[in-house]
Amino acid sequence: MISFPQRLLEGYRAFTTQRLPTEQSRYLELSERGQSPDVMVIGCCDSRVSPEVIFDVGPGELFVLRNIANLVPIYQPDANAHGVSAALEYAVTVLKVKHIVILGHAQCGGIRAFVDKAAPLSPGDFIGRWMSMFIKPGEIVEQRDRESFQDFVTRIEKAAVFRSLENLMTFPFVRSRVEAGDLQLHGAYFGVAEGSLFVLDQAAKEFRSARAGE
């Protein structure tokens, strides 16, 4: 018999005795009224970077999409299946979220595989093909002179946030709502070791600490 992960069962039981009683009315309301989050977060699958934990939110507050390296592809309405695009379409056109946050992070495995030019993990090279969306045709991404390897990796991790924000604007339903002032796009970067959050100042094209007074 296949056993369900014990840690999850323990967590669920703790949830039902501790958190659920205080949020039962919220869950009931959400089940009857449906969800209406104002914010969509597109983050990485990395188990250390949970948007719900980082932003300390309750049920129904965030519409979360997670994938390798928090990437958004360009708008491509073809016959293929597009999971990211489908989630984005639902968030923007049905839920009518007011904000989309691209959440990048330090020590990203997808970015590291990209900069290391790692060998495929499988014949399908799913990670390699996915990460190829990060660069434009003819674009070269290399370490700069006098740039440490760690600084190079960090720069590329942050560049992935910029690229995803750029790609979001290729979706007509995103662009139209942004231009109408009904939707705002944001970038953020999470430092795993320190638990630090940096928010993108889009005018200055720099990430600035989200801590009060910094």
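The legends below describe close-up views of a predicted protein model. Residues are numbered from 1 along each chain as its sequence is written, and side-chain values use heavy atoms, with hydrogens and water left out. Because the model is predicted, local features need pLDDT of at least 70 and side-chain atom pairs count only at pLDDT 80 or more, whereas totals for chains, interfaces and linings use all residues.

**View 1. The protein chain as a whole, with seven helices and six strands.** Helices (H or I, at least four residues) and strands (E, at least two) are DSSP runs, numbered from the N terminus, and along the sequence they follow the pattern α-β-α-β-α-β-α-α-α-α-β-β-β. The C-alpha trace spans about 55 × 50 × 50 Å along its principal axes. Of the 214 residues, 36% count as buried, where buried means under 20% relative accessible area, exposed over 50%, and partly exposed in between (1.4 Å probe, protein chains only). The chain exposes about 12900 Å², of which carbon and sulfur atoms supply 55%; accessible areas come from the Shrake-Rupley method with a 1.4 Å probe, and for residues only the protein chains shown count as cover. Among the contacts (heavy atoms within 4.5 Å) with a separation of 6 or more, residues 24 or more positions apart account for 65%.

**View 2. The open sheet of six strands, in the order 2-1-3-4-5-6.** The pairing is mixed, two strands being paired if DSSP finds at least two bridges between them. Strand 2 (62–67) and strand 6 (206–209) stand at the edges with a single partner strand each, so one side of each is left without a neighbour in the sheet. From one strand to the next, the twist averages 30°. Strand 1 (residues 39–44) and strand 3 (residues 99–105) run parallel and are joined by four bridges, and within this part of the sheet M40 stands opposite I100 in strand 3.

**View 3. Helix 3 and helix 6 against the sheet.** Helix 3 (residues 83–94) lies across strand 1, strand 2 and strand 3, and runs at about 170° to strand 2. Helix 6 (residues 149–168) packs on the sheet and touches strand 1, strand 3, strand 4 (184–191), strand 5 (196–201) and strand 6, its direction making about 165° with that of strand 4. Axes here are lines fitted to C-alpha atoms, for helices over the stretch in contact, and angles run from 0 to 180 degrees between N-to-C directions. N167, which is found in helix 6, is buried, with a relative accessible area of 5%. Leaving aside residues up to four places away in sequence, N167 touches V72, P73 and I74.

**View 4. A nonpolar surface patch formed by I68, L121 and I127.** Together these residues have about 280 Å² of accessible area. Patches are made of residues with over 30% relative accessible area and no salt bridge, like charges being joined within 9 Å and nonpolar side chains (Val, Leu, Ile, Met, Phe, Trp, Tyr) within 5 Å; a salt bridge is a side-chain nitrogen of Lys or Arg within 4 Å of a carboxyl oxygen of Asp or Glu. I127 lies in helix 5 (residues 126–131) and is partly exposed, with a relative accessible area of 33%.
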